[in-house]
Amino acid sequence: MNASAGPAARVEMHAIGKSFPGVRALSGVDLTLYPGEIHALLGENGAGKSTLIKILTGALDRDAGEIRLDGEPVDFRSTGEAQTSGISTVYQEVNLIPAMSVTKNLALGPSDGAFGIISWRKARAAARQKLARLNLDIDIEQPVGTFSVAVQQLVAIAHALDDDTSVLVLDEPTASLDAQETATLFSILRDLKSRGMAIVFITHFLDQVYEISDRISVLRNGGLVGTGLASDISRQELISMMIGRELGEVEATFAHKASEEKGTEKLVARGIGRKRTLEPFDLTLHAGEVVGLAGLLGSGRTELTKLVLGAIRADSGTLEVGGKDVGRNTPRQSLESGIAFCPEDRKAEGLVGDLSIRENIMLSMQAKNGWLRRVPRKQQERLASEMIDALAIATPDAEKPVRQLSGGNQQKVVLARALASKPEILLLDEPTRGIDVGAHAEIIMLIRRLCEDGMALLVASSELDEIVAASDRVAVMRDRRKIGEIAGEDIKRDNIIRMIAGEDGGQH
Amino acid sequence: MNKKYLPLAATIAVFVALFVTGGAMYNNFLSTLVLGNILADNAFIIIAAIGATFVILSGGIDLSIGSMIGLVGVCMAVLDRMGWHPLAAAALMICFGILYGALQGFIIDFCDIQPFIVTLAGLFLLRGLCFMVTLESVPIRHDFVDLYASAKIPLPGRGVLRSSAIVMLASLALAIFIAHFTRFGNSVYAIGGDKESARLMGVNIRRTTVGIYAIGGFYSALAGVVYALYTSSGYPLAGSTLELSAIAAVVLGGTLLTGGVGMVAGTLFGGMILGLISTLIIFHGSLNSAWILISSGVLLFAFIVLHRFLVSSFDLRGTS
């Protein structure tokens, strides 16, 4: 299975398994890292990338499998132990103390003796030496927070690297870097690689994967989908590995509406965008139409929905809702003009777990009404039971705390809350994340039904088949840009994958 | 100039301005005599505040300071009556302070409980112990107390540095060393700056947290010793609400309550500003003590607002 004549593996992870209460995070995953190689680890949110890395670096215990370092079985119980063995990690968020100087940041870490005296002269020399390894020449007395994110990223790498580091794990190191900063980082990674380091590179930018990595592994739903040399895996195969999951029960059972049958224009976005978040885009939503938003993780799906809602403030463009120009709206104005939103992360942004179904449904209505005009209890109860019936929420009554519902039913409550404000436009971000197949199908049917009732819907999803099954028109996103639209009979998995892959060559 | 010195510079500027204002209003104000008295009279607050500086730098809070001061005082007085030498009693109480502080730090980290509530429990617990020890004021009558009261180092001019001021300055020097020249001190700033990042960067959070509150306990107990020797008595209500004055001194000294930014030396000036305000109002004569609290409050308020604006300049991370 291994590349036959290559050098001996530095790290072999074999049949790794890990469960959290109620969730199987990883099962039977293999990962092999070779010295002098950059290994890209890919997968959508929740695929198990972070869990796998945390097991490698000792931050999490594994339930099954074994890890060998240079052939010897190892069992790290803390990140410190892994670090001592030469495995260093730079986590996703830049992990430095912004108010402290570069020298002081680099002096932090597991040390000899709690009251060890620091000679700042020596610490400065050590800091310069560490930075020199990365060809970084900065004023080390300045607080880290005053440097650009790219420099901070490099300082974090400098902190992680020791003389005896043999494995370097980088979790989304380029997430907040621009093209030039990324280039700088890559030249440093190539340099480290040439010195025989094994590097794990987690990212969701496909161009970067092909630019820098030698080997690719893809995780999906806690399992390894495939692994191989970057030169052997085509871009389309890669995308298909990442998002091409089978939906099973919900196949495209309806005919995509032909473009002539469009209803009235409900929402028109012209040149809405925000620097470093999303390039300006145009988008029109019609009554009785579902527009799908397809793209890989980080392509800007969520950002687009939030820009339309106004939760991310646009710095260019205008929005027209129901024929009225609303300029750049705030979420509150959006709600008033008939836009409702179901967020991606329902626990963090959508629901209050300890409140009952009824109370959660009432939240946005009450906000629309204003806090002084309380909706009478009778009316609340009627509305809640209407919604429970309409969406078939499985619950004994409307007073059950939302926390106790299953994922699918929680998602329905999010929908119910959005629907309670009687919106004309509904924005859904990942409406089926983390719910089982049956509920999945129901939610898709619901989306179709709302659409037939004349609502305009925008559905962002990482599941391609879901987009294909639900949409009349699909907007395709790549690298924080809307790259095109397809409609009607052209909505097919392969077409979308081809667009995401960028047949034009896929420049960054 | 490095931005991190701005809060400290503001503190020193306010101190100098107040001192000069006093000098312009009253004869004899601008002298080492007044300065020496402010140092001696506020020594125990400043010592307690130095300990609190470590706690606040780490993003925590210690409410048990005042009760610790009271408990140390009554214990020293009772031990004195039992024939202990005040220095032996002081050593015992300081050890107790360190251990109690370390225990608080351990509970805060191990059980992951808010420092506010853990040290609030300490506030009640230690104060209760004071009343267990004695219900009335107990004098400390030992030759050493007289020696302590009379020892002094002359300053240029008519002023003198009294024992309390000397102890305070020595403990300040120790604190500056710990904060700025040890790995431990560096870790304290890191935890206050961003605990989660500090953890990922390999800082031993538990050992550091225990150390921080142990230092807090050490300085509270030392403040209690100085207070007991200064008043030559132990009184179970001594030091009530003193933790709040200590926190005020720390904040006036330029340390951010959110942690991670500040300097131990600033606390000296913060404490002296508080002392200077009361001295000014006492010099005035016709104003009552209400004005001490009112002007301290106004100044504190102004400083917190100032910090709010300064702190945004540290938050320069990318906007994405």
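Author: Met132(B) is exposed, because its relative accessible area is 69% and the cut-off for exposed is over 50%. The model is a predicted one. Met132(B) sits in helix H6 of chain B. This side chain belongs to a nonpolar surface patch, together with Phe96(B), Leu125(B), Leu129(B) and Val133(B). Together these residues have about 440 Å² of accessible area. Which helix gives the most to the nonpolar patch? Helix H6, residues 115-133 of chain B, does, with four residues.

Helix H8 (residues 163-181) packs with helix H11 (residues 205-231), both of chain B. Their axes are 11 Å apart, and the angle is about 170 degrees. H8(B) and H11(B) are therefore roughly antiparallel, since angles over 145 degrees count that way. H8(B) makes the contact through Ser164(B), Val167(B), Ser171(B), Leu174(B), Ala175(B) and Ile178(B). From H11(B) come Ile215(B), Phe218(B), Tyr219(B), Leu222(B), Val226(B) and Tyr230(B).

Now the charged pairs. Side chains of opposite charge can pair when their charged atoms come close. Over all chains, the count comes to 23 salt bridges. Take Glu424(A) and Lys266(A): their salt bridge has an N to O distance of 2.8 Å. The partners lie 158 residues apart and link distant parts of the chain. Glu424(A) is in the loop between helix H14 (407-420) and strand E17 (425-429), while Lys266(A) is in strand E11 (residues 265-274). Glu424(A) is partly exposed at 41% relative accessible area. Lys266(A) counts as buried, because its value is 17% and buried means under 20%.

Glu399(A) and Arg358(A) form another salt bridge, with the closest N and O atoms 2.8 Å apart. Arg358(A) is buried at 5%.

Then there is Glu81(A) with Arg77(A). Their closest N and O atoms are 3.9 Å apart, and this counts as a salt bridge because the cut-off is within 4 Å. Glu81(A) is partly exposed at 31%, and Arg77(A) is exposed at 63%. A network of salt bridges links Glu289(A), Arg473(A), Lys482(A) and Glu485(A).

One more arginine of chain A deserves a look. Arg480(A) lies in the loop between strand E19 (473-478) and strand E20 (481-487). Its relative accessibility is 24%, so Arg480(A) counts as partly exposed. Beyond its neighbours within four places in sequence, Arg480(A) contacts several residues, including Ala175(A), Phe205(A), Arg276(A) and Glu279(A). Arg276(A) is 204 residues away along the chain, yet the two C-alpha atoms are separated by 8.4 Å.

Chain A as a whole has 17 helices and 20 strands. Of its 508 residues, 56% are buried. Among contacts between residues at least 6 apart in sequence, 68% join residues at least 24 apart. Chain A exposes about 21,300 Å², and carbon and sulfur atoms supply 49% of this area.

Terms used. Residues are numbered from 1 along each chain as its sequence is written. Chains are lettered from A and ligands numbered from 1 in the order in which they are written. This is a predicted model: local features need pLDDT of at least 70, side-chain atom pairs count only at pLDDT 80 or more; totals for chains, interfaces and linings use all residues. Side-chain values use heavy atoms; hydrogens and water are left out. Helices (H or I, at least four residues) and strands (E, at least two) are DSSP runs, numbered from the N terminus. Buried means under 20% relative accessible area, exposed over 50%, partly exposed in between (1.4 Å probe, protein chains only). Contact means heavy atoms within 4.5 Å. Accessible areas come from the Shrake-Rupley method with a 1.4 Å probe; for residues, only the protein chains shown count as cover. Patches are made of residues with over 30% relative accessible area and no salt bridge: like charges are joined within 9 Å, nonpolar side chains (Val, Leu, Ile, Met, Phe, Trp, Tyr) within 5 Å. Axes are lines fitted to C-alpha atoms, for helices over the stretch in contact, and angles run from 0 to 180 degrees between N-to-C directions. Angles under 35 degrees count as roughly parallel, over 145 as roughly antiparallel, 65 to 115 as roughly perpendicular and the rest as oblique.
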